[in-house]
Amino acid sequence: IGPYVCAEWNLGGFPTWLKLKGGIVFRTFNNLFMNAMKVWTEKLVDMLKKENLLYPLGGPVIAMQIENEYGLVESEYGENGKKYVKWAAEMATNTNSGVPWIMCWQEDAPSNIINTCNGFYCDNWIAGHHAKFPNQPAWFTEHWPGWFQQWGGPKPVRRVEDVAFSVLRWYARGGTLMNYYMFHGGSNFSRTDGGMMHTSYDYDEPLD
């Protein structure tokens with residue numbers, strides 16, 4: 001759901017016109033930003049409901065994510081960052097989507113949100129996660145089979161044996177769900193790609 005998705009996109013997926021609104025500050029407890037985020041989230045969830053795409057309605061969507069790896073930048077926003085996390089969680093769950101909501105790398109996620117792990121390996125994360133959130137499953141929401149490419153840099157490659165080893169360690173240590181990012185790559189054309197990002201976004205993905 002986002003609306004911030006990163007994905008090496010320009011502005012993390014935010015539309016340029018939103019940046020031009022006077023007084024707006026992205027990804028923090030800012031009324032202008034939160035109002036826009038709420039409109040986007042509620043509209044998207046409503047569209048999913050109408051098309052019966054959510055799992056309780058017979059669809060394939062089993063979970064949704066609000067924000068993206070916010071824990072990496074939260075401290076830069078101080079108390080407003082903490083308030084924003086709580087607000088985002090409440091706003092998302094109030095959509096009554098019927099499926100679990102997640103946040104990744106969000107150690108202070110409210111109890112109504114599932115905290116998840118992203119990375120090359122996440123098996124060492126499981127024990128700490130269960131200690132802090134004993135009633136939550138362990139989800140590996142972004143297993144990176146490769147990495148993005150930057151202009152002028154080498155093409156990142158990860159051996160498939162290493163990817164498989166990471167999967168085996170994850171489930172051997174109690175993981176309950178694993179998702180590849182990316183499983184199928186693509187292209188970020190024109191100015192949609194983020195700074196210094198290569199047009200190709202194949203991520204050394206399993207499916208070409």
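## Secondary structure

Helices (H or I, at least four residues) and strands (E, at least two) are DSSP runs, numbered from the N terminus. On this basis the protein chain has five helices and seven strands, which follow one another as α-α-β-α-β-β-α-β-α-β-β-β.

## Basis of the values

This is a predicted model, in which local features need pLDDT of at least 70 and side-chain atom pairs count only at pLDDT 80 or more, while totals for chains, interfaces and linings use all residues. Residues are numbered from 1 along each chain as its sequence is written, and side-chain values use heavy atoms, with hydrogens and water left out.

## Overall dimensions

The C-alpha trace spans about 45 × 45 × 40 Å along its principal axes. Of the 208 residues, 43% are buried (under 20% relative accessible area, 1.4 Å probe, protein chains only).

## Nonpolar cores

A nonpolar core is a set of buried Ala, Val, Leu, Ile, Met, Phe, Trp, Tyr and Cys residues joined through side-chain atoms within 4.5 Å. The largest has 26 residues, of which F33, M37, M64, I66, W87, W101 and M103 touch the most other members. At least two residues each come from α2 (31-50), α3 (78-93) and β2 (101-104), and α3 gives the largest share, seven residues. Another core, of nine residues, lies apart from this one and includes W125, F140, V167 and W170.

M37 belongs to helix α2 and is buried, with a relative accessible area of 1%. Beyond four places in sequence, M37 is in contact (heavy atoms within 4.5 Å) with G2, P3, I66, Y84, W87, A88 and M91.

How values were computed: Buried means under 20% relative accessible area, exposed over 50%, partly exposed in between (1.4 Å probe, protein chains only).
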